[in-house]
Amino acid sequence: MDAEFINTYLLLVTLTSLLANAIISIYGLFFKPHYTKKVIALTILSDTMNTFAIYLGYRTWVNGVNPRPPVLTSTPTEKSISEFTARAVDPLPQALVLTAVVIGLAVTLFLVFLGYILYTHYKTLDMREIKKLKG
Amino acid sequence: MLDLFILIIRYIGLALITLGGFASVIAAIGFYRFKNFYLRLHPLTINTIWGCVFPLTGISLLTITLEELGAYKWFMAGASFITALIVLMLAPAGSHAIARGVHKSRTARVKPCIADLLDKDLCG
Amino acid sequence: MIWEIVLFVSILYLLNIVLLTIIVFKGPTIGDQVLAIDGITYGSIVLLILFSIYFKEPILTVVAIPLALWVYALDIYVSKYLERGDLGA
Amino acid sequence: MRRITELAVILSLVLGVSVLLVLAASILLPGIEVRQLAFFYLYTTINPWFQNYTVNSPEAVTAIVWDYRGLDTLFETSVFYLALIAGLALARGLFSETPQGSFNEKTHGLTTIVKTVTRVTAPMIIAVGASIGLHGHLTPGGGFQGGATIAVIPLVFIVVYSTLFLIARGVTSNKMLVLRSIGLLGIGFTSIAAFLIGLAIGRFAYVFQNMPKPGAVVGLPADINGALISGTLWFFNLFEMIAVAAGFTIAFIILLLAGRGGSGGR
Amino acid sequence: MNVYAETIVYLIMAVVSLLSVVAVYLAIVERDLIKAVIYSALQSGFYAVLYYLLMAPDIVLVYLPVAVGLIPGVLIVLISKTERWEKE
């Protein structure tokens with residue numbers, strides 16, 4: 001049980017928890033009858049997928065030196081730029097997730113409007129009863 | 001002289017941070033010991049003032065003595081002090097709003113009850 | 001010595017977050033849960049700023065201010081729902 | 001009891017599968033290196049010795065969002081507005097009636113304490129959002145972040161006061177529509193700014209060009225009087241912030257007006 | 001001390017994501033939809049801490065207003081206009 005084994009184990013606990021979150025939210029999305037619960041499960045699923053993308057862009061510590069965010073805080077010289085590229089994490093997944101989060105909010109607003117219109121038509125949001133009503 | 005001054009500021013900051021850490025754990029235990037919703041407002045206050053506002057002030061005192069942080073250390077001290085001010089303003093208002101909402105909607109009962117002058121039915 | 005104290009205090013705040021999370025999971029009413037979420041947020045503000053000191057990255061401090069603001073928003077949503085039942089009124 | 005059993009099963013599955021994974025595979029773990037593309041982005045995001053490739057912005061994420069992959073972000077912005085407009089179009093036919101009554105301090109909203117605190121802190125929140133948005137090319141932040149931060153304020157005001165309060169103060173959905181259109185037009189004009197300058201002075205230039213490139217020497221300035229603005233990035237952040245905040249405000253006003261006097265469902 | 005620091009950072013990541021699993025599970029099985037929204041807000045807070053430790057301050061800044069500030073509000077509006085309990 002050296003330190004490296006424990007570090008790897010803890011990183012994999014994080015990864016597996018994300019996997020479990022994805023599975024649970026997919027279950028909620030398909031098998032829970034209520035519309036609002038489906039919307040909640042959808043937001044959780046999209047958040048989990050975004051977190052996977054961020055996680056794959058992470059880089060681990062080297063000899064006790066932490067990675068740093070992809071923002072250069074000192075004046076750009078040869079030395080600071082090479083130190084920056086040696087430590088900064090991957091900026092590309094962050095840039096992609098950034099727009100995905102805002103689009104997710106717009107889609108949630110759309111689904112909320114749709115749910116309210118469903119309720120004014122059917123007087124219920126339970127999917128089983130809506131299927132029964134057929135009208 | 002200046003070194004002594006910096007050292008005093010640094011130790012005050014570290015003391016505030018350490019006290020805040022212990023106070024936050026005590027507040028979390030208090031959430032278990034108090035038995036109903038209205039009493040639990042009290043450990044939340046401990047968590048807010050001792051566990052958040054004072055450590056943030058301590059951090060802002062500590063960071064202005066740390067040369068390792070580079071040119072952005074004044075930014076960090078100012079940002080943590082502003083966060084402390086915002087928490088000091090917003091947390092009591094939030095607690096007040098949630099306590100009033102819960103009491104008006106009668107979701108939580110006053111369980112070990114001596115008197116509830118606002119709403120007699122909630123007692124007991 | 002500063003870095004050791006910062007790490008030790010961050011573990012205390014992690015303990016605070018875990019204990020309050022259990023309150024959120026078992027608290028009987030909605031009010032308890034919202035109060036515990038407030039406590040979690042105030043704990044994690046200090047946790048994040050402590051790690052910003054430890055990593056020696058001062059720009060990471062920016063994230064603390066929104067964290068303090070939005071939990072207030074959550075408070076008043078729940079409060080207005082419980083008090084009025086209609087958020088627009 | 002059933003919940004506790006299910007939770008125990010799930011948590012032990014997570015911990016056990018982690019043991020299997022730690023013994024079996026190391027391919028899913030982040031390593032100590034980044035990929036070559038990320039290395040390129042990090043190396044050239046601000047680099048005085050690579051004038052033909054650099055963006056002159058110390059923040060790599062904003063540089064990727066609005067310069068390296070600016071066209072992607074333009075289309076993502078249009079997808080985002082399509083989703084918003086689809087939601088509004090659903091609501092438009094059903095709830096277009098104007099609200100009855102006027103705002104009354106006594107009967108609408110929460111208590112005086114909450115109202116006062118909200119009134120004091122709202123300018124601070126807007127200032128924080130604007131600083132997050134406009135410093136997006138120097139510190140973490142940008143147009144999307146600042147816009148989403150400012151967009152919480154209308155929702156908080158609607159909840160603490162009332163929808164009628166916002167409408168009485170002149171924040172109506174039509175004005176917000178104008179503001180949002182200004183933001184979108186600003187994004188469009190900024191994306192072809194270098195092209196228009198090139199047309200005016202008769203030199204070759206690309207659409208979505210920021211800094212001068214080999215073969216196209218037209219470009220926007222990297223700094224004004226020594227204050228770094230990174231060419232188009234500052235303008236993109238400003239207009240995106242306005243557009244995002246105004247777009248969400250329209251949606252909240254219409255959503256909170258729709259079918260007033262809800263049952264509450266207690 | 002630096003060796004412990006790496007382990008402590010990974011430990012916080014692991015604990016926070018394990019707690020988020022519990023929050024997601026309770027959000028899915030809970031019948032009271034207001035409580036489900038509160039659990040989902042808690043999960044969002046944990047993910048924000050996780051993003052911070054994965055060195056993505058930009059994502060934290062956009063994710064906190066959206067997932068803790070706006071989505072619970074919008075969902076509570078939907079619940080207050082429709083129905084609160086999910087039937088068996």
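Modeller: The largest nonpolar core has 219 residues, and those with the most contacts inside it are C:Ile45, C:Phe51 and D:Phe248. A nonpolar core here is a set of buried Ala, Val, Leu, Ile, Met, Phe, Trp, Tyr and Cys residues joined through side-chain atoms within 4.5 Å; buried means under 20% relative accessible area, exposed over 50%, and partly exposed in between, with a 1.4 Å probe and protein chains only. Helix 1 of chain E, residues 2-29, gives the most to this core, with 18 residues. Helices (H or I, at least four residues) are DSSP runs numbered from the N terminus.

This is a predicted model, in which local features need pLDDT of at least 70 and side-chain atom pairs count only at pLDDT 80 or more, while totals for chains, interfaces and linings use all residues. Residues are numbered from 1 along each chain as its sequence is written, chains are lettered from A and ligands numbered from 1 in the order in which they are written, and side-chain values use heavy atoms, with hydrogens and water left out.

Residues up to four places away in sequence aside, its partners are A:Val102, A:Leu105, A:Ala106 and A:Leu109 from chain A, and D:Phe80, D:Leu84 and D:Ala151 from chain D. A second, separate core of 6 residues includes A:Leu72, A:Ala88, D:Leu42 and D:Ile46.

The interface of chain A and chain D comes next. The contact takes 50 residues from chain A and 59 residues from chain D. Together the two chains bury about 4,800 Å², 80% of it on carbon and sulfur atoms; buried area is the accessible area (1.4 Å probe) that two parts lose on being put together, summed over both. Between chain A and chain D there is 1 salt bridge, a side-chain nitrogen of Lys or Arg within 4 Å of a carboxyl oxygen of Asp or Glu. D:Arg35 and A:Asp90 form a salt bridge through their side chains, at 2.4 Å from N to O.

On the side of chain A that touches chain D, the elements giving two or more residues are helix 1 (3-31), helix 2 (35-56), helix 3 (78-87) and helix 4 (91-122) of chain A. Helix 4 of chain A supplies the largest share, 20 residues. This side divides into 38 nonpolar, 9 polar and 3 charged residues, where Ala, Val, Leu, Ile, Met, Phe, Trp, Tyr, Cys and Pro count as nonpolar, Asp, Glu, Lys and Arg as charged, and the others, Gly among them, as polar.

Chain D also meets chain C: 29 residues of chain D are in contact with 21 residues of chain C. These chains bury about 1,900 Å² between them, 65% of it on carbon and sulfur atoms.

Methods: Contact means heavy atoms within 4.5 Å.
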